[in-house]
Amino acid sequence: ESVEPDEEIYTIVYLHSHGGCKIEGYHLTKVFSEKTRAHLCLFDFAGCGHSEGDHLSMGAEEPDDVCSLLQVLARDFGVKYFAIWGRSMG
């Protein structure tokens, strides 16, 4: 199905909970791919899942990580519209 040029396609950035990782958002891939025109971005905060970080900073550094992620999505993937969905620490 084609998308009309004037339709806004959002990328939903899912921020996992404390003690979690991007896996907790995998169930959302089916929901968004079938029910909406939104894309879904799942990632691991530092110290979680498959990240390269050593520890979770409990909010001290995570906002910077999210800003960096949004910049990469915009610059490298042309994403224009974001929605941020977080749970717990996210």
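Start by selecting Glu 24: leaving aside its neighbours within four places in sequence, Glu 24 is in contact (heavy atoms within 4.5 Å) with Tyr 14, His 16, Ser 17 and Arg 87. Before going on, know that this is a predicted model, where local features need pLDDT of at least 70, side-chain atom pairs count only at pLDDT 80 or more, and totals for chains, interfaces and linings use all residues. Residues are numbered from 1 along each chain as its sequence is written, and side-chain values use heavy atoms, with hydrogens and water left out.

Stay on Glu 24, which sits in the loop between β1 and α1 (27-35). Helices (H or I, at least four residues) and strands (E, at least two) are DSSP runs, numbered from the N terminus. Now show Ser 17: the Glu 24 side chain reaches the backbone nitrogen of Ser 17 at 2.9 Å.

Next, switch to cartoon and pick out the sheet. It is open, with three strands in the order β2-β1-β3 and parallel pairing; two strands pair if DSSP finds at least two bridges between them. At the edges you'll find β2 (39-42) and β3 (81-86), each pairing on one side only. On average, neighbouring strands here are turned by 25° against each other, direction ignored (axes are lines fitted to C-alpha atoms, for helices over the stretch in contact, and angles run from 0 to 180 degrees between N-to-C directions). Zoom in on β1 and β3, which pair in the parallel sense over six bridges. Click Thr 11 and look across to β3, where its bridge partner is Phe 82.

Now for the inside. Select Val 13, Leu 15, Cys 41, Phe 43, Phe 45, Cys 48, Leu 56, Val 66, Leu 69, Leu 70, Leu 73 and Val 79: these 12 residues make up the largest nonpolar core. Such a core is a set of buried Ala, Val, Leu, Ile, Met, Phe, Trp, Tyr and Cys residues joined through side-chain atoms within 4.5 Å; buried means under 20% relative accessible area, exposed over 50%, partly exposed in between (1.4 Å probe, protein chains only). The elements giving two or more residues to this core are β1 (10-15) and α2 (62-77), and α2 supplies the largest share, four residues. Apart from this core lies another, of six residues, including Tyr 14, Leu 28, Phe 32 and Leu 42.

Last stop: Asp 76 and Arg 75. They form a salt bridge, with the closest N and O atoms 2.9 Å apart; the term calls for a side-chain nitrogen of Lys or Arg within 4 Å of a carboxyl oxygen of Asp or Glu. A search of the whole structure finds one salt bridge.

Technical notes:
A polar contact is a pair of N or O atoms within 3.5 Å; within protein, one must be able to donate a hydrogen and the other to accept it, and residues adjacent in sequence count only if both atoms are side-chain atoms.
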